[in-house]
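Please read them alongside the sequence and the coordinates.

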Amino acid sequence: MSERILKKEDINKFYEAASKTYKFYGPVREKGNIIFKEISNPEDLVLDYFNSKIPPKEIVLPRTETLFEYEMKGNDIIINDDVVPDEKVLLFGIRPCDAYSFTLLETFFKEGKYQDDLFIKRRKNTTLIGIGCNEPKSTCFCTSVNTHPHDKENVDVFLTDLKDKYLVVPISEKGKDLVKDLNWLEKATEKDLEKALKLSETAELSIKTKLDLKDLHEFLMKNFNSELWKESSQSCIGCGTCAFLCPTCSCFDVIDEEDKYNNRGRRVRVWDTCQFCIYTLHTSGHNPRPGRIQRFRNRILHKFSYYPIKQGLIGCVGCGRCIQYCPVNNDLRKIINKFNELKNKEKEEMVVA
Amino acid sequence: MPNPYVPKLTTIKSIKAENKVNDIKTFELVFKKEEDLKEFNYIPGQFAELSLLGKGECPIGIASSPTEEGSIKFTIKKMGTVTTAFHECEKGQVVGVRGPLGNGWPVEDMKGKNIVIIGGGFAFSTLRSLTEYLLDDKNRKNYGDITVIYGNRDSGEVLYKEDLERWQKRDDIQVVLTIDREEEGWNGKVGFVAPIVKEVAPSSDNAVALVCGPPIMIKTTIAVLEELKFKDEQILNSLEMRMKCGIGKCGRCNIGDKYVCVDGPVFSLAELKQMPNEY
Amino acid sequence: MSNIQKENEEIERFIREVSRDLFKENKVDLIIGYGKGSIPFNTTPIFISEENDIDKLIWNNFCYINLSRYLLPSLNDFIRENKDKNLKIGVISKGCTARSIIQLIIENQIKPENVVIIGMECNGILNRKKIEKEFGDLEITDILINGDNIIVKGDKFEKELAFNDYLSELCKACKIRAPPISSKVSDIIVGKSQEVSSIEEDDFSDISEFESKSSEEKWAHISELLKDCTRCYACREACPFCYCNLCFIDQNLPTWFSKTSNLGEIVIFHMIRALHVAGRCVACGACSNACPMGIDLTIITRKLEKIVKERFDFTAGLDLDTLPPMMTFKMDDKEEFMLEED
Amino acid sequence: MNEIKNEDLKVNVHEAESNEEWEPKIIAFLCNWCSYAGADLAGVSRIQYPPSIRIVRVPCSGRVNPFFIVKSLTDGWDGVIVSGCHPGDCHYISGNLVARRRFAILKDLLEFFGIERDRVHFMWASAAEGERFAKLVTKVTKLVKGFGPNKKFVKKW
């Protein structure tokens, strides 16, 4: 049996052990917001959190990331392309939905003719310690998108919060190695396992939002010009909240920065979103997605149509951040449900005919 | 693994002003390293991300043909940040090149067919690359009749004048030039591209039409081609989109689930009709 | 404050009544108002074109969005598409919403004949981010108002908080709760309004403490305030006055300021945005309330109001006659800040 | 990750003070008709003033977009001067009056955001006031020197 028990009072000990080899990231509370941050003091860790506000994708896809640096020496240009630090990162306390987003992002950055090696390197250096979600919020809908609150698949080590202790389950090879080194961890009993299983079941049952996303991608594409888009995008103000707080949104902008005085510079990428008008604006002034409708539609379709068509997976992990933080409360669930209604209506009409 | 965002370094070998207004220039670039040139295997219609370090990067279609060895050429119009910076460049300056990117014109599938090349204005650069490629001694025998129709606003805007003259002297290609309004000393045709296509285009049997130009020209020309019984699969288009990474990761050039930078920029009309109208 | 819940109900009844009358008399084609949100401390803008839907209009203390931004053709696809139809659009207007509409009329962004200001007397907007932060990230299932208190309910908790402590800072200082009315705008305002002359003077005492700090302290405070900014531009997009076709931060010929998460760049974005809305900002607080990270831009907003009031004796959006300060000048403007010889 | 760390928030303006040699770099936007001519006059009259300023000639002080000033600060200039014609003397009648309102707000805001008030200066100097120009530049140089190098907006490398 490879399951172990980590007592909550031993978190410090665990931190001491892990921080020797890893940069230790964990959830902390900063100005009332939970965020994942590098921990220098294990006391800062917040363990009774629901989820972070900014998704942990930040760790593998930083808000501002240098793509390469250059320096001009006379006529020579020296390019430094090895910009991703060779440090191992341990992400403690990632929720299963966000862990699933790491898998989605990885498939996206690996697919196709070109691979994003910067992302891949960061991802490779990251070890995920997931903690099961015992009390999902009403905005969560992870069970509708191929994952669930105790999904163990996408993490290296999975923890279940058993009130005063964690049940530690190593999942991947990386995780097994990590747990092996922590030989002071007690073995788990049958009772603990049972308890964890029960928690997992209760958590799954407590998710009330169910979205029917089966075959939706084809239907959405068929209804590309539906009036429903107009209706649901009307209140959208076109900010980037939903995208920036989305664990699977990965679009970026590329910017050059120049240090004129020292003849050097760097090319960086920063988060960007299809909600901004400038995102697709051509230099000529032509904009393929000129209005809120098109831009709003693009984001929804990217998640629920283009992702399924290309990767065979829904590009959403059901974390509910966009629902919670949208400034105008333009609820994603409402939009999906509207289309489902339309779909069912059409189906019924077909049957009648 | 190599970092896909790092450009290969080249230097500007020559700069040639192409039009009277002097806002279109052709830059000839030579790679600093021999092996970079060898790795840069492209077909006409592909593009590359050109960058001026510290200024930015922009996608530009390759104007030279793979048959012209030793250097690569790009025709750049002064438009935005990077292209303006390019126009301020001098010979010998270092330019970063990332590429070749995109799918390019399907030169293999076009073998044995009659080819109609229709270009308008500044968008002629990748078509120039293609024509040059087709006319190369090694390739000419693989293709049927070649017709080039090239329209411009006025004679001052006509790009690649020397190349056009050279082609016009050959008897295995028909070159038709047109300008929008009558002008003194102009030998070619006068009128928009679409009616000229109607006039000179060969039959649609075993033919393929390649269209590249401003949106309104594409629209009218496609209408004419359809009238001439060209099927959707026989009409090829090269699209333009705002791009950043050029390798399908930054997300902005999507039309539906297709990325113009990876799946395009060349699409057949049949493919375009499948895609949402967001280009 | 006596009974906020009762006030809310009254306001709700009032706006429904006025809206219904407008529809009945065929005076509007569309009404933009607040509708029930899908999570407890949120409301969503709704667009009503039929009398039957009037009961969807609600009022509570989370109606923080400034609805006037939906009137702008450049920002609202629906309005843009129907521009030629000369639609009459009614907007449920708090004092600040009405002021921004008047300001937008001055700026020639909307035509007075296309708007009907449905005036109401606002009883204050709660700072939902502050409430949220009070409970970490526990889920709030319901928020009720009881007398002078708000009761926040969750699955495992219930807590009573004083209404006034969680009132948005801007609302605490607000002197114009109902649409200001003057002769030129009187025909586009229905419902409640207040005479411009009856508006109290503002003393801006709430920011004097910050102003007295040293520049190091100010910088530290501002940096700490803004460092969480993710540059999602929700503040910009929620603002009725940020309607530029191309925001300065997006301009690239030349590229003025970079979009990285460098602290200096973030501060610059917020400072220049403030500069651009100076003399136009009506202190509606939509920017602060829209921010997903809970950054409270109140002090900046208040400072803007103060600068404009003290330097140019101007309050944005009061009437159509006075030109906003940045559109005009006077020979004898104060110039104590200019450098002089010792 | 957010690049900002807590230690970055503290700016040590006095760091460079130990270095007595440090001379501030000040950018001056001078209007073509008055102040630029004034600076010229200061030069031809051989009036001594610190060599700290670099001049950008602009058609009018009204041409000076606040971006210029803020951008100068981000680019690492330690101080900024904008100088135009005295009120009433503007070559374009009212350019300087429009600019004055703009600068008033900018200056208040910069101060509010924690940029030292005396890093950014606005002044009037006519074509005949070479001496005044030199005196004011001397004064600005002295003030800016007191603050040390500008660090708050400057990009970190």
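1. In chain C, S5(C) and S6(C) make a hairpin with two residues between them, and C:Gly147 in the turn has a positive phi of about 60 degrees. Strand S5 covers residues 140-146 and strand S6 residues 149-154 of chain C; they pair in the antiparallel sense over six bridges. Within this pairing, C:Ile145 stands opposite C:Ile150 in S6(C). Strands are DSSP runs of E of at least two residues, helices are runs of H or I of at least four, and both are numbered from the N terminus. Two strands count as paired if DSSP finds at least two bridges between them.

2. This is a predicted model, in which local features need pLDDT of at least 70 and side-chain atom pairs count only at pLDDT 80 or more, while totals for chains, interfaces and linings use all residues. Residues are numbered from 1 along each chain as its sequence is written, and chains are lettered from A and ligands numbered from 1 in the order in which they are written.

3. S6(C) also pairs with strand S7 (residues 158-162) of chain C, in the antiparallel sense and over five bridges. A hairpin with three residues between the strands is formed by S6(C) and S7(C). Here C:Asn149 stands opposite C:Ala162 in S7(C).

4. Chain A is assigned domain 1 (4-205) and domain 2 (216-352); such bounds come from an automatic or database domain assignment. Taken over C-alpha atoms, the centres of domain 1 of chain A and domain 2 of chain A are 26 Å apart. Between them, 34 residues of domain 1 of chain A are in contact with 27 residues of domain 2 of chain A, contact meaning that the C-beta atoms, placed from the backbone, lie within 7 Å.

5. Which elements give two or more residues to the side of domain 1 of chain A that touches domain 2 of chain A? They are strand S4 (64-73) and helix H3 (96-110) of chain A. The largest share, nine residues, comes from S4(A). By class, this side of domain 1 of chain A has 16 nonpolar, nine polar and nine charged residues. The classes are nonpolar (Ala, Val, Leu, Ile, Met, Phe, Trp, Tyr, Cys and Pro), charged (Asp, Glu, Lys and Arg) and polar (the others, Gly among them).

6. The contact between chain A and chain C takes 42 residues from chain A and 34 residues from chain C. Elements of chain A that each supply at least two residues of its side include strand S3 (33-38), strand S11 (252-259), strand S12 (264-271) and helix H10 (292-311). The chain A side divides into 17 nonpolar, 15 polar and 10 charged residues.

7. For chain B, the assignment gives domain 1 (8-100) and domain 2 (114-238). The C-alpha centres of these two domains of chain B lie 24 Å apart. Their contact takes 17 residues from domain 1 of chain B and 13 residues from domain 2 of chain B. On the domain 1 side, six residues are nonpolar, seven polar and four charged.

8. Chain B has nine helices and 15 strands. Its radius of gyration is 18 Å, close to the 19 Å that the globule rule gives for 279 residues, so chain B is as compact as a globular protein of that length. The radius is taken over C-alpha atoms, and the rule is 2.2 Å times the number of residues to the power 0.38. Along the principal axes, the C-alpha atoms of chain B fill a box of roughly 50 × 45 × 35 Å.

Notes
Contact = placed C-beta atoms within 7 Å.
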